[in-house]
Amino acid sequence: ARITLRQLLDHAAEQGYGVPAFNINNMEQGLAIMEAAKACDAPVIIQASRGARSYAGDIMLSKMIDALAEMYPDNPVCMHQDHGNNEATCMTAIRHGFTSVMMDGSLEADMKTPASYEYNVAITERVARMAHWVGASVEGELGVLGSLETGEAEAEDGSGAEGKLSHSQLLTDPDQAVDFVLRTKVDALAIACGTSHGAYKFSRKPDGDILAMKVIEEIHRKLPNTHLVMHGSSSVPQELQDIINEFGGEMPQTFGVPVEEIVRGIRHGVRKVNIDTDCRMAMTGQFRKMAVSKPAEFDPRKFLKPAMDAMRDLCRERFEAFGTAGQA
Ligand code: G3H
Ligand code: 13P
Ligand code: NA
Ligand code: ZN
């Protein structure tokens with residue numbers, strides 16, 4: 001059955017668990033997520049980026065979600081637009097059956113000027129009003145995904161720095177978060193706490209200087225009834241880096257967000273945890289392993305099945321660690 005983000009996160013808050021939001025681009029990722037959810041009785045958030053929508057096509061994605069909901073009737077599914085950039089992206093998502101949208105007005109607001117903040121409030125409030133008319137949920141974002149080590153903000157396309165910003169310019173301001181939620185009426189708020197998208201988050205295991213979990217605790221104190229969202233929450237496990245590199249990959253050593261830090265966030269109001277990179281790495285490790293160890297193989301299923309199984313196992317670990325398991 002379909003469920004909205006609001007319904008799912010209200011339950012998560014009542015019961016004190018978090019829900020991983022995994023990105024989907026193709027059938028194999030959808031099956032991996034649902035197999036994991038079925039195995040541990042978890043509700044799911046499946047999210048599609050604008051890139052995913054143009055890769056698979058809106059009709060394909062939408063029918064795929066219908067198929068998954070029919071194949072796994074016991075696992076409630078929230079279908080969410082990841083990083084919507086404007087009203088059109090959000091409304092067309094809802095038209096294709098998404099039950100939730102992210103209106104990321106912070107993409108334009110990264111320099112934290114008063115004008116860009118007002119732009120974020122206005123567009124997010126507009127999308128929330130429209131989405132709520134038709135029963136869909138809305139996630140907004142305040143703050144800049146970027147590195148507290150280098151002060152480098154992420155460009156909208158994730159390609160690199162937009163400039164050097166200080167800690168306080170990157171992190172979500174708790175008082176501004178209160179104003180933002182009040183004015184926009186979002187169902188969930190994505191915050192910035194020093195994480196960034198992709199595999200290269202930290203050059204060492206993060207401590208409190210570069211992963212500012214304290215910000216989450218402070219926002220939760222001021223907004224105890226707002227569901228918080230952590231983007232850039234892949235853990236970039238060493239084992240997955242090692243498999244990729246053992247079979248011809250060239251990923252420089254890197255560190256992600258430790259699962260225990262996310263679990264700490266869940267104790268302080270984090271309800272949605274966005275994970276894409278870990279799933280990509282789990283799949284790609286198996287593609288590489290097959291390509292190198294079975295060079296005569298040319299049936300794509302022989303690559304895709306182990307990849308799917310590796311992503312399923314990763315998803316299940318997150319469901320279990322975040323307390324989502326058993327909550328379907
Ligand atoms: O927010 C970023 C997600 O990992 C989606 O990435 O835009 O390459 O599909 P994408
Ligand atoms: P990762 O790149 O850490 O998996 O983050 C994904 C994300 O935040 C999608 O919105
Ligand atoms: Na942002
Ligand atoms: Zn994100």
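This is a predicted model: local features need pLDDT of at least 70, side-chain atom pairs count only at pLDDT 80 or more; totals for chains, interfaces and linings use all residues.
Around ligand 1, two elements of the chain each supply at least two residues of the shell: helix H3, residues 50-56, and strand S3, residues 77-84. The complete shell around ligand 1 consists of Asn 23, Ser 49, Gly 51, Ala 52, Asp 82, His 83, His 197 and Asp 276. Sorted by class, the shell around ligand 1 has five polar residues, two charged and one nonpolar.

Let us turn to ligand 2. Which residues are around ligand 2? They are Asp 82, His 83, His 197, Gly 198, His 231, Gly 232, Ser 233, Ser 234, Asn 274, Ile 275, Asp 276 and Thr 277. Strand S3 supplies at least two residues here, and strand S10, residues 270-275, likewise supplies at least two. The shell around ligand 2 divides into nine polar residues, two charged and one nonpolar.

Now consider the chain as a whole. The protein chain contains 13 helices and 10 strands. Its radius of gyration is 19 Å, close to the 20 Å that the globule rule gives for 328 residues, so the chain is as compact as a globular protein of that length. Along the principal axes, the C-alpha atoms fill a box of roughly 60 × 40 × 35 Å.

I will now discuss how some of the helices pack. Two packed helices are described by the angle between their axes and the distance between the axes.

The crossing of H2 and H13 is right-handed. On the H2 side, the contact includes Leu 31, Ala 32 and Ile 33, and on the H13 side it includes Met 308, Met 311 and Phe 319. Altogether the contact of H2 with H13 has 13 nonpolar residues, five charged and one polar.

The next pair is helix H6, residues 114-133, with helix H8, residues 174-184. How do their axes lie? The axes of H6 and H8 come within 9 Å and cross at roughly 40°, which means that H6 is oblique to H8. Val 121, Thr 124, Glu 125 and Ala 128 of H6 meet Phe 180, Arg 183 and Thr 184 of H8. Here the residues divide into three nonpolar, two polar and two charged.

Helix H6 also packs with helix H5, residues 87-95, at an angle of about 15°, and the axes of these two helices are 10 Å apart. Are H5 and H6 roughly parallel or oblique to each other? Angles under 35 degrees count as roughly parallel, and H5 and H6 are therefore roughly parallel. Their crossing is right-handed. In this contact Glu 87, Cys 90, Met 91 and Ile 94 of H5 meet Arg 126, Val 127, Met 130 and Ala 131 of H6. The classes are six nonpolar, two charged and no polar residues.

Key. Residues are numbered from 1 along each chain as its sequence is written. Chains are lettered from A and ligands numbered from 1 in the order in which they are written. A residue is near a molecule or strand if its C-beta atom, placed from the backbone, lies within 6 Å of it. Helices (H or I, at least four residues) and strands (E, at least two) are DSSP runs, numbered from the N terminus. Ala, Val, Leu, Ile, Met, Phe, Trp, Tyr, Cys and Pro count as nonpolar, Asp, Glu, Lys and Arg as charged, and the others, Gly among them, as polar. A crossing is left-handed if the near helix is turned anticlockwise from the far one by less than a right angle, and right-handed if clockwise. Two residues are in contact if their C-beta atoms, placed from the backbone, lie within 7 Å. The radius of gyration is taken over C-alpha atoms; the globule rule is 2.2 Å times the number of residues to the power 0.38. Axes are lines fitted to C-alpha atoms, for helices over the stretch in contact, and angles run from 0 to 180 degrees between N-to-C directions. Angles under 35 degrees count as roughly parallel, over 145 as roughly antiparallel, 65 to 115 as roughly perpendicular and the rest as oblique.
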